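Colleague: Could you take me through the disulfide part of this model, and then through the strands around it? I would like a close look at that one region, with the cut-offs spelled out.

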Amino acid sequence: MSTTKTRLAALATGVLGLAALTLGPAHAATPPAAATETVVTCGPSGLQAGLSTRLCAEVTGTTVEFYGTVGLAGPPSPGSPAPAPKELLTTLSAQVVGSTTPPDTRYRQVVFLTAPLEVRGLGGEYPCGSTVRGTFGVASYPRSASPVAHEVTLTC
């Protein structure tokens, strides 16, 4: 009986040792979740063309996508008619802080009704450790743009 117990103990020890070896490398090879995680941050809101605007950034690793949001500056007065549609000229731009390269800029015409909208279309890869500054401007005749800005620093 002692031989059977010894064989079972040796077999159990071997199985546990094999399990420990197979778990160790698989756990070590798993990439950290933070590397692929998208973080969204937004700058302060501002008033442009009589509307509330804000610039946000989605950061995934070294990729940054800036987008602007446009909404009503406040709730309409009770019983008042719905606001008329507004044609807006929007400007999104991004540049590495301290760079001499001209900013990457996108212009887009949109029509604002009453529902909040997002203006997307500006993104790219930037060097690790850099600070990227974005701006979002909204103009509607006769009001000119007064861009809002937001900066993100890429930590790698």
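Modeller: Happy to! The count comes to 1 disulfide, where a disulfide means a pair of cysteine sulfur atoms within 2.5 Å. Please keep in mind that this is a predicted model, in which local features need pLDDT of at least 70 and side-chain atom pairs count only at pLDDT 80 or more, while totals for chains, interfaces and linings use all residues. Residues are numbered from 1 along each chain as its sequence is written, and side-chain values use heavy atoms, with hydrogens and water left out.

The link runs from Cys-42 to Cys-56, with an S to S distance of 2.0 Å. Its handedness is right-handed, with 105° about the S-S bond. Cys-42 belongs to strand β1 (residues 38–42) and Cys-56 to strand β3 (residues 51–60), so the bond ties together parts that lie 14 residues apart in sequence. Strands here are DSSP runs of E with at least two residues, numbered from the N terminus.

β3 is joined to strand β4 (residues 63–72) by 10 bridges, and the two run antiparallel; strands count as paired if DSSP finds at least two bridges between them. Within this pairing, Arg-54 has Thr-69 in β4 as its bridge partner. The two strands form a hairpin with 2 residues between them, and Gly-61 in the turn has a positive phi of about 65°.

β4 also pairs with strand β7 (residues 117–125), again in the antiparallel sense, over 7 bridges. There, Val-64 stands opposite Gly-124 in β7.

Terms used. Helix = DSSP H or I, 4+ residues; strand = E, 2+ residues; numbered from the N terminus.
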